[in-house]
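Dear colleague,

I am handing over the structure we discussed, with the sequence and the coordinates shown just below. After them you will find some notes on what came out of the analysis.

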Amino acid sequence: MINLHHYLVASAALFVIGFVGMVTRRNAILLLLSIEILFNAANLALVAASRYLGNLNGQILVFFSMTVAAAEVSVGLAIAILLVRHLKTLNADEVRLLKW
Amino acid sequence: MVAGRLLTLAWVAWFAPLAACLMITLVGLQRRRRAATLAVGSLLLSFLCAVTLWWHSLHGAALPLQQAFSWIRFDGFEVPLGILLDPLSILMLLVVTGVGSAIFIYSTGYMHDDPGYPRYFACLSLFAFAMLGIVLADNWITLFISWELVGLASYLLIGFWYQRPAAADAGKKAFMVNRVADFGFLLGILLLWSVSDPLGGAHRTFALPALKDVIEHGYLPQNLLNIGALLIFCGVLGKSAQMPLHVWLPDAMEGPTPVSALIHAATMVAAGVYLLCRVFFLFDAAPIALSVVAWVGGITAFLAGCMAFVQNDLKRILAYSTLSQLGYMVMAAGLGGPVAAMYHLTTHACFKALLFLGAGSVIHALHEQEIWKMGGLLKTMPVTGGTFLIGAAALAGFPGLSGFWSKDEILALAWHQNWLLCIVAIVTAGLTALYMGRACFVVFFGQPRSHLPRPANHAGRGGHAHESPPVMTVPLVVLAVFTIIAGYLGIPEYLHQLHGVQVGFNEIVAVISVLAMSTGLWLAYQIYYRQVMTEQQLIQRGMAVYQALVDKLGFDTFYDWLVLRVQQTAAKLCSLFERFILIGTLVNGTGWVTRTAGGLLRLCQTGRVQFYVLVFLFGMTALIYVNVLR
Amino acid sequence: MNLVSWILGAPALGMTLLLFVPRTQEAWVRRIAVAATTVSLALALILVGSYDRAAGGYQFVTEIPWVPQVGIAFHVGADGISVAMLLLHALCAWTGVLISYSIKERVKEYYLFYLTLITGVFGVFASLDLFFFYLFYEMAVIPMYPLIGIWGSDASNAYSKEYATMKLTLYLTSGAVLALLGLLVLYGGSGISTFSLPALEHHLALHPLPPELQRWIFPFLLIGFGVIAPLWPFHSWSPIGHAAAPSAVSMLHAGVLMKLGSYAIIRIAISLLPEGAAAWLPLVATVCIMNIIYGGLVAMAQQDAKFIIGYSSSSHMGYVLLGLSTLNIIGLNGAVYLMVAHGWMTALAFALIGFIYDQAHTRMLPDWGGLAKQLPFIATAVSFMAMASAGVPGFGNFVAELLIFVGAWEKYRWQTVAAVFGVVITATYLLRFVRSGFFGETLSRWDELRDATTPFQRLPFVALIVALLILGCWPNGLLPIIDTGSRALLQRIGASTMLAGGVLP
Amino acid sequence: MNWPILAVELALAALALIVLALDLVWSREQQERLGAVTTVGLLLILALWWHQRGASGTGFYGLAVLDRFAWYMKGLILGASLLVVTMTREFLRRLPGPRGELYLLLVLAATGMSLLTATADLTLLFVSLELLTFSLYVMTAYVRTDARSIEAGLKYLILGAVASASVLYGIAMLYSQTGHTRYDELTLHLMTHPPTPAVLLGMLLILSGLGFKIAMVPFHLWVPDVYEGAPTPVAAFLAVGSKTAGFAALLRLLLTTLQPLHAQWTWVLAALSGATMLYGNLAALPQKNIKRLLGYSSIGHVGYLLMGLSSASVLGTAGVLFYLLAYLLMTGAAFLVVVAVSQRIGSDRIEDYAGLSQRSPFLAAAMFVALMSLAGVPPLAGFFGKFLLILSAVQGQLFWLAAIGAVNVVISLYYYLLVIKQIYLRPAREDTELTVGLPYRFVLYACLAGILGVGIFQRPFLALATTAIQSWF
Amino acid sequence: MWTINKMFSIIGSHNFVIFFTTSGPHVEACFFYLFTTVMLVAAIGAVALRSPIYSLLSLLVSMFAVAALFVLLHAFFVAALQVLLYAGAILVLFLFVIMLLNLNQQELSRTRQHTLLVLGVGAGLVLLSVLVPILRLTAAAPAPDTPGTITAIGRLLFTQYLLPFEVTSLLLLAAIVGAVVLAKRRIDT
């Protein structure tokens with residue numbers, strides 16, 4: 001019998017994968033991509049909870065989360081373009097004028 | 001006269017010099033004549049008061065009289081400022097103001113050309129005030145304050161010619177040695193204060209009569225009294241320049257000669273002896289302390305006499321002789337004879353002041369202090385020479401002069417109390433005659449030896465002296481007169497109220513002492529007048545002893561070592577500890593650790609965004625772990 | 001508003017006025033500063049005169065509720081101890097402002113900071129509210145930073161003025177926050193939610209804190225305030241700071257600022273935590289011997305005149321600490337009296353050294369020598385200072401040290417012996433100071449030095465010397481006032497056995 | 001619906017639209033006036049805000065509230081916005097390129113912040129948080145020609161997104177366990193049910209995300225980089241605006257909704273408070289760039305704020321509110337000086353501040369007051385704030401935390417004094433005087449007056465702060 | 001909106017949806033594991049694959065799997081949104097930018113820092129090991145089925161959640177303005 005915790009564990013796994021992606025990838029685009037995974041993990045948890053609680057608040061939240069994710073990507077990609085344009089690189093770890 | 005008037009007179013006698021000092025400081029520093037007038041006038045006023053008091057004390061005034069004001073006062077504690085009039089203090093008052101007046105007057109001539117003339121008189125007046133304070137004090141604190149102030153005045157006057165390094169050093173040395181001594185003195189005062197109320201609590205007092213009562217009632221244990229007396233005696237060691245704290249007195253001769261006469265011969269150095277007599281009730285009850293006092297005095301008398309023999313500086317000869325005579329007095333007190341001590345103190349004040357003033361007169365004339373550059377001065381300076389010889393004879397104990405009588409008191413006492421010390425004292429008497437004879441024969445007889453160029457600003461022939469002006473010679477004559485008659489004024493009888501052992505005139509002792517004196521004088525005559533033997537030969541004969549005496553028996557070397565090695569090493573060590581351990585390591589180390597921690601922490605900020613995410617991840621995980629799964 | 005609030009109001013007002021004076025009007029800046037401090041001094045003298053000794057307690061009290069939510073009020077007033085402290089500071093501040101005429105650059109900023117410092121110190125001495133006490137305390141510390149940093153001079157080759165001022169500021173602030181922690185715990189422990197000192201005194205006298213808590217809080221206050229006192233081994237900020245500071249700042253710094261620490265220990269730590277005091281003060285009495293002896297020895301090894309006086313200050317403050325750790329009326333009166341006397345003495349010392357340094361541009365004793373010939377007035381004043389410092393009778397220091405020795409003798413026998421020996425050490429380095437700086441042969445390079453000749457130049461020195469002499473010759477002037485304060489304190493903490501201890505065994 | 005409770009936010013949104021419209025309509029020259037328009041608009045909104053004092057109510061189906069707390073925090077945010085607009089006007093003078101958008105984004109961010117103070121629902125919390133964050137992303141990267149600005153934008157965006165995802169996941173957890181997103185319903189549920197591990201997980205994830213916003217260790221790493229790289233007014237907005245809003249959200253969430261769980265979060269916050277203080281202040285010591293230094297110091301100040309929060313008492317929370325006011329004034333003043341100076345000398349290096357006291361006594365004095373207030377020197381505002389916070393820690397028996405706070409006062413004083421050293425002790429390398437325009441001076445004067453006023457007359461401000469949160473206890 | 005509504009009604013009426021949402025628990029479990037596996041594997045692929053295009057496509061697969069899970073959970077509206085928004089909008093945007101920037105293989109490589117790789121994976125595993133025990137305890141009691149139809153969602157969105165909805169518009173405004181400001185090529189002076 002599939003219950004809430006199955007979905008939540010699955011979403012946790014997705015969440016962790018997103019995080020690992022963020023740490024291990026150096027490309028700014030792939031970082032943004034990993035962020036999408038993170039948001040998806042949360043979305044899955046919300047929808048699952050919504051189903052098992054029998055109210056729709058979670059799904060409303062997913063609606064907003066998707067909007068945010070989309071906006072996030074648009075701004076993020078704009079910055080990525082700036083990176084390539086001014087710093088000639090997309091590698092986030094090469095962008096370290098600011099440190100210490 | 002009623003008691004109140006007498007006390008008022010005493011207060012006036014005490015504070016007149018202070019008033020003079022303040023007035024000179026405030027208005028007179030630019031006006032030379034006025035400064036001298038103020039100082040001399042004030043001291044003469046004091047002298048007048050002293051004479052009046054003395055006259056009344058002889059004519060039935062009820063003594064002792066005591067009067068005190070609260071100087072520090074709050075509930076449960078009081079420090080009085082008070083005076084005590086009894087024959088002892090009146091006698092000392094007379095000595096100080098009398099000899100002082102003579103020296104003040106003499107100074108107006110001696111210091112006439114000095115640019116620091118008003119300053120000199122201001123300091124001198126301050127000294128007189130402080131000295132009178134010691135004399136009159138009825139309690140420890142007044143005594144101690146005055147005690148410190150005479151030290152201060154002594155410091156200022158020794159270093160009067162502050163531009164001379166030797167004078168400045170000597171002043172410093174005198175002050176320091178006295179400080180060390182007063183360390184013990186103050187502890188003694190604290191100790192005696194704390195036991196002055198046998199019931200404990202709020203009635204403890206600094207007053208001497210009260211302490212006397214407590215001691216005489218036997219409330220205090222013996223060992224406590226011994227400790228207290230020894231601590232008080234520490235102060236005496238310094239002020240009266242007893243071994244081993246005598247080292248400052250010879251150096252103090254760097255001051256102007258009248259200062260040496262007044263402070264370092266007649267009065268201040270005698271303050272220690274006076275103190276011993278003043279608190280004799282304490283020492284009387286502390287036998288161990290008393291014998292320490294006697295032995296210290298005896299040893300000082302003998303060793304100082306030896307050292308006086310090898311000095312070439314006229315003032316230093318006199319200084320060591322002062323040491324030696326002070327040793328006599330202290331010994332007398334230690335043998336239980338305050339009367340004898342005071343007697344000798346009085347006569348010594350007269351003739352030693354006379355000797356110093358005479359020496360000052362010679363120095364004033366020659367601008368020279370070394371005896372080997374003098375000679376035959378009796379002819380050129382008859383008054384000075386004559387009076388000096390009288391003084392020297394009194395010092396040597398020539399029968400009939402005051403010194404003979406007072407010294408005989410002491411010898412008789414020693415004969416009676418302690419035969420060993422008696423032998424020491426008699427040998428010292430011989431020594432005294434020897435070195436004084438040496439000085440007199442070299443300086444006043446024989447041929448003039450000086451080949452010095454004539455001082456530019458000074459009248460007289462080169463190397464040949466002239467007699468000093470009357471303002472200097474008159475005090476000499478006056479003091480000479482007193483030197484002769486002081487033995488017949490009935491001083492021991494005047495002091496009969498004092499406790500202690502009193503033995504009368506002892507013929508056997510007198511004969512022995514005259515013999516010793518004659519031997520010494522004969523030797524001096526042979527060596528220095530007949531010149532059967534030169535000084536050089538003498539030195540060669542007793543090379544080791546002579547050298548040891550010239551080296552001041554190693555005392556100065558030892559103290560130099562103490563100051564330079566021990567004290568400076570300790571200071572350096574503390575300073576290094578401060579600089580390298582405390583500041584360098586602990587304080588700066590804390591700063592360094594903090595900064596380094598900051599420097600390391602900022603390295604977390606690698607600038608790599610993935611790393612930041614990683615830390616975020618770790619942080620979050622850790623939070624969850626400790627909070628939920630803990 | 002009354003006397004006490006105006007004493008600290010005057011410099012605060014002066015400071016505010018200064019903000020509106022153009023930078024170029026230096027003469028007016030100086031005049032305002034002098035006027036402000038003169039008013040404070042005059043009022044302080046009136047305060048001494050009009051303090052009702054018979055009544056005692058806190059007088060001239062102003063209380064304005066400030067932050068009632070946490071029990072803070074602007075609460076100033078003076079008891080016997082603070083009257084003495086206010087007088088001490090008023091004179092130091094006044095002479096300091098006069099001495100500051102030698103400051104020639106950035107005058108307006110200088111006086112702004114200086115008046116802030118002065119206000120802060122007045123505030124500490126007048127505060128009857130722990131919050132404002134702390135507030136003024138910090139307010140007195142922080143202006144030191146620019147004052148030393150801008151107008152100071154390098155302390156030595158090893159310690160630049162920037163180092164000195166940074167260290168001083170941080171050190172004193174560390175102490176302050178440590179004390180603050182203690183104060184806050186005390187506030188919390190008292191359970192009456194007020195910072196009012198009289199209220200706390202009253203409350204804690206009836207309901208003392210548990211002894212363990214007292215013993216726990218006391219070291220915070222002791223070390224916190226002890227840093228500025230300065231308690232060994234937390235003293236190392238002070239000599240370097242003194243040496244680097246301009247002379248007028250050194251004057252206040254050594255003269256008054258150090259007394260904040262001991263004042264606070266008396267006023268707060270001992271007064272509110274008697275059990276803690278009883279437990280810790282014997283240790284203080286022992287440690288302060290390190291102050292006296294060690295400080296004296298280090299002073300002995302110094303060549304720099306300001307370092308000598310600096311270490312001597314930390315040495316002398318050891319006597320104050322010894323006096324207050326006796327917890328009896330004699331010692332406590334002596335400690336407070338010494339705070340006053342030492343304040344004026346050390347202010348005089350720094351003013352004098354500053355006078356010479358301004359012309360000679362060196363403070364190294366070996367470089368000086370025989371200055372007395374060129375500077376007779378200054379040399380005389382230096383001798384007075386040295387004698388006062390060495391505890392020669394006639395100066396206030398003697399009276400105070402005497403009281404402290406007497407007070408401490410029964411309770412701390414061996415410490416007292418060491419402390420008395422400290423007087424010998426003091427004399428050693430001070431005489432060396434006078435001897436090598438002023439006596440001896442005059443060096444030709446100092447022919448250009450000018451003595452203080454005009455009455456205006458001499459005024460601050462003479463004022464301080466006269467004040468010291470009055471203290472020394474007429475102790476019954478100020479001591480009874482101090483006595484009302486310390487007696488009330490001791491009675492409250494129940495340690496007032498007047499002369500603690502019994503007869504010697 | 002009860003619209004008036006969100007009057008300020010609505011007005012802000014309207015202002016944003018006006019700015020947008022004017023930006024589109026106006027010519028390049030006319031656009032110069034956008035700053036003035038924004039300022040006037042914000043002043044009007046400030047008047048509106050003042051008009052709303054004492055008002056309270058709930059609306060929008062319980063998603064938004066107006067209470068004294070929200071009102072207080074909105075005041076801070078409006079004040080911060082005003083300061084930042086002033087800085088922006090100064091900043092844009094030397095910046096080529098578009099200008100209207102910056103004002104627009106600023107007002108949008110202010111709207112988001114303002115909403116955060118009023119939010120009583122996790123959904124609205126998330127959305128307004130994102131509104132605020134998005135505007136700030138763009139503002140951070142606004143100087144497109146400056147590599148540092150771009151880098152700062154990238155870092156802020158990446159990490160901000162991670163934080164947003166954490167918040168969202170946390171919300172999901174809370175929701176999955178309770179079925180509610182509204183604060184009042186959540187509270188009710190949490191009070192009646194024992195917390196499950198997943199509830200705690202949700203709380204901690206939200207705490208992490210909001211911790212990122214307020215720069216709490218270990219979620220603070222972006223702060224120095226972004227402060228250094230972002231345009232200075234934006235850095236200031238991050239410091240005073242975004243942080244205030246973050247605290248507003250955190251306070252309301254923790255002290256109302258998660259109040260039943262306070263045993264679980266107080267000690268976490270206490271520990272993190274100590275770590276945050278130590279990290280921020282220690283790492284600030286070796287800094288050479290004034291903006292970076294202020295960034296680290298802002299981390300340190302968060303530590304202090306958390307100290308008040310972790311005591312979870314009236315005094316502590318009121319202390320937090322008071323400190324936020326003080327922080328706004330003093331950090332605002334510091335940034336105002338930094339903007340003015342860097343516009344004139346073209347550098348943010350602390351070394352280049354040498355001799356500022358000769359070149360511009362006014363700016364130097366302002367910096368002195370601001371930094372001393374940040375260090376907690378009386379009688380300035382920062383002092384009383386720190387005093388309250390440390391007092392609250394002591395009252396809450398957190399002695400060790402109070403001790404760390406006290407130690408940090410000294411450490412922070414050290415690096416602030418290092419700046420003061422350059423300004424006052426070191427000689428100027430150039431002699432040119434730095435002059436500041438009158439309106440700018442006026443704002444700076446206002447800040448300084450505020451620092452002094454709040455520092456000396458603490459009572460009314462503390463009363464405001466106390467009444468703001470009193471109903472929660 | 002109309003299109004979405006239309007499309008949803010088509011999907012919603014379709015038989016297979018009915019089938020796997022109303023069939024027995026075993027069937028549901030099968031689908032759950034299937035889609036979950038696909039989702040996770042594809043997500044791993046997305047973060048692990050070298051080529052950005054492959055990564056992107058892998059992500060697409062993952063998101064479709066998520067959408068399928070949404071449907072499994074009767075969240076029809078968000079499932080549709082997931083497909084439309086992610087597949088239709090976001091990923092296309094990604095693709096567009098990748099093409100625009102003409103990224104080559106080398107630039108898109110994984111981090112060269114192996115420490116970071118190890119630490120990242122390690123931290124991830126630790127986080128997972130922390131999360132899983134917590135989430136295993138979250139089984140919920142059965143609740144009435146409230147399918148997330150567009151009607152239900154829409155009603156909520158325009159009543160209770162009107163305020164966040166409006167705020168989202170401001171958010172999008174900020175994002176649009178931001179994207180334009182930042183990515184605009186010419187800097188007009």
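Throughout, two residues are taken to be in contact if their C-beta atoms, placed from the backbone, lie within 7 Å. This is a predicted model, in which local features need pLDDT of at least 70 and side-chain atom pairs count only at pLDDT 80 or more, while totals for chains, interfaces and linings use all residues. Residues are numbered from 1 along each chain as its sequence is written, and chains are lettered from A and ligands numbered from 1 in the order in which they are written.

To begin with the chains, no contact joins chain A and chain C, and their closest C-alpha atoms lie 24 Å apart; chain C and chain E are likewise without a contact, their closest C-alpha atoms lying 38 Å apart. Eight pairs of chains are in contact, and among these chains A and E share the most contacts.

In that interface, 70 residues of chain E are in contact with 63 residues of chain A. The elements of chain E that give two or more residues to this side are helices H3 (25-48), H4 (52-72), H5 (76-101), H6 (114-135), H7 (150-158) and H8 (162-183), where helices are DSSP runs (H or I, at least four residues) numbered from the N terminus. By class, this side of chain E has 55 nonpolar, eleven polar and four charged residues; Ala, Val, Leu, Ile, Met, Phe, Trp, Tyr, Cys and Pro count as nonpolar, Asp, Glu, Lys and Arg as charged, and the others, Gly among them, as polar.

Chain E also touches chain B, with ten residues of chain E in contact with ten residues of chain B, and on the chain E side these divide into eight nonpolar, two polar and no charged.

Within chain B, the axes of helix H3 (residues 87-110) and helix H10 (residues 257-266), which are lines fitted to C-alpha atoms over the stretch in contact, come within 8 Å and cross at roughly 160 degrees. H3(B) is therefore roughly antiparallel to H10(B), a term used for angles over 145 degrees. The residues making this contact include B:Val99, B:Gly100 and B:Tyr110 of H3(B) and B:Thr257 and B:Ala266 of H10(B).

Lastly, B:Val587 lies in helix H25 (residues 555-601) of chain B. Leaving aside neighbours within four places in sequence, B:Val587 is in contact with B:Leu582 and C:Ser236.

With best regards

Key:
Axes are lines fitted to C-alpha atoms, for helices over the stretch in contact, and angles run from 0 to 180 degrees between N-to-C directions. Angles under 35 degrees count as roughly parallel, over 145 as roughly antiparallel, 65 to 115 as roughly perpendicular and the rest as oblique.
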